[in-house]
Amino acid sequence: MDTQPKNLHNVFEKINDLKSLFRFGERMIPIITSLVDFMREMVPLLETINHSISESASKMPQATNQIADVTQATEMATTQILDRVDEISNSCNTIEKYLNRKEDSAQKRRDLLQNLLIRYENEPEIVEAVTVLKELENGSEEREQIIKLLGKISDDTYQITMALQVQDITAQQLAAVNHLIDSVRVKLSSLIIDISEAQLDDQIKAAKMEMPEGVHFDPNASYTDTAGKQDAVDSIFAASAGQEKTSQDEIDKLFR
Amino acid sequence: MALKFLVVDDSVTMRRIVINSLKNLGYEDYVEAADGKDALAKLQTDTGINFIITDWNMPNLSGLDLVKTVRNEATIGKMPILMVTTRGVKEDIIEALQAKVNNYIVKPFTPQVLKEKIDSILANLQ
């Protein structure tokens, strides 16, 4: 007899538990429904993102090729400029040599005329004519001006040569950009896989561009005025002159 | 002493610029190399080379590794080496110093700086 009320009590407890469960279920169903609807909406969006990333990643090799083409083109153009600069310098040297030869010839003529002046010093008409001829041979002032101009042209062409260092610096900067694009492409490719596996957060957190070892470009190359940089370098060398090894403290002092 | 330079740079443009600068300073004797490995090959075949001007960032063998290799060679270990590079950060300069370069120029350089560094190296050798 005692067991019957106890069993009933257990049954009622179970029924109450079931009722609680159903009530909980009633509350959860709308939430779960909303979640499923949300996921249903997200899937096409994720697929669009996936496709977009895939498309962007596929265009990157083209971008890196175009950047490499730019470097090649600038190198070719720079080489052509250097060729022309060399030709200008050679022409200036040739002109200067020619002028010097002309001056040598003119000096010989002046010497001959001087001898004539001495020989015919008592012949006023001859003296007058020879004097005029001697003055006509005296073009040294013009010659000096031409040589000065040639020197200026030579200096200017040399400055052009030095300015073309920009090609090497921009080539290194472009190589760094190419490396960055390639790194992004690799990361995006891995993202395409991970989006489908819903591991975006981890991948984004792990995305970190690192410079591999053995690169042959300087990502920090710049064409800004390096007088300050060279002065700093010279300070370090001056400080370490005569020493086997420069201490870090000494170097740090120079850079404070 | 008649100088014969080995000019090492993977950039054709930079090699021409350095060579033009050397010619402007009156140095006509030079050999070119496109990277550190090429430079070592030239050093083995041309015993007349007695001054190296090298870039840092190069494929196959970097300028820094070239310096270290040269310094470990008994026959050419004392050869003057001038580094001409875009690398200008303190750590790089220290690293080059520890590898025992004789001097260091940051690109872009002026002809005056090149002359000063070469003259300084030659003066220190005497």
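Trainee: Before we start, what does "partly exposed" mean here?

Mentor: A residue is buried under 20% relative accessible area and exposed over 50%, and partly exposed in between. A:K152 therefore counts as partly exposed, at 48% relative accessibility. Please keep in mind that this is a predicted model.

Trainee: Which residue forms a salt bridge with A:K152?

Mentor: The partner is A:D156, and the closest N and O atoms are 2.9 Å apart. A:D156 is partly exposed as well, with a relative accessible area of 37%.

Trainee: Where do A:K152 and A:D156 lie in chain A?

Mentor: They belong to helix α3 of chain A, residues 140–163. Being four residues apart there, they are separated by about one helical turn.

Trainee: Is B:K117 buried or exposed?

Mentor: B:K117 counts as buried, at 7% relative accessibility. A:D234, at 23%, counts as partly exposed.

Trainee: And what about B:K107, which residue does it pair with?

Mentor: B:K107 forms a salt bridge with B:D9, with the closest N and O atoms 3.1 Å apart. B:K107 sits in the loop between β5 and α5 of chain B, and B:D9 in the loop between β1 and α1, so the pair ties together parts that are 98 residues apart in sequence. Both residues are buried. Through shared partners, salt bridges join A:D168, B:D9, B:D55 and B:K107 into one network.

Trainee: Changing topic: what is the strand order in the open sheet of chain B?

Mentor: The five strands run in the order β2-β1-β3-β4-β5, with parallel pairing. Neighbouring strands are turned by 20 degrees against each other on average, direction ignored.

Trainee: Which strands stand at the edges?

Mentor: Those are β2 (30–33) and β5 (103–106) of chain B. Each has a single partner strand, so one side of each is left without a neighbour in the sheet.

Trainee: How many bridges join β1 to β2 in chain B?

Mentor: Four bridges join these parallel strands, β1 covering residues 5–8. Across this pairing, B:L6 stands opposite B:V31 of β2.

Trainee: Which helix lies across β1, β3 and β4 of chain B?

Mentor: That is helix α3 of chain B, residues 63–71, which runs at about 175 degrees to β4 of chain B.

Methods. Residues numbered from 1 in each chain as written. Chains lettered and ligands numbered in written order. Predicted model: local features only at pLDDT ≥ 70, side-chain atom pairs only at ≥ 80, totals over all residues. Heavy atoms only, no water. Pairing = 2+ DSSP bridges. Helix = DSSP H or I, 4+ residues; strand = E, 2+ residues; numbered from the N terminus. Axes fitted to C-alpha atoms, helices over the stretch in contact; angles between N-to-C directions. Contact = heavy atoms within 4.5 Å. Salt bridge = Lys/Arg side-chain N within 4 Å of Asp/Glu carboxyl O. Buried < 20%, exposed > 50% of the residue type's maximum accessible area, 1.4 Å probe, protein only.
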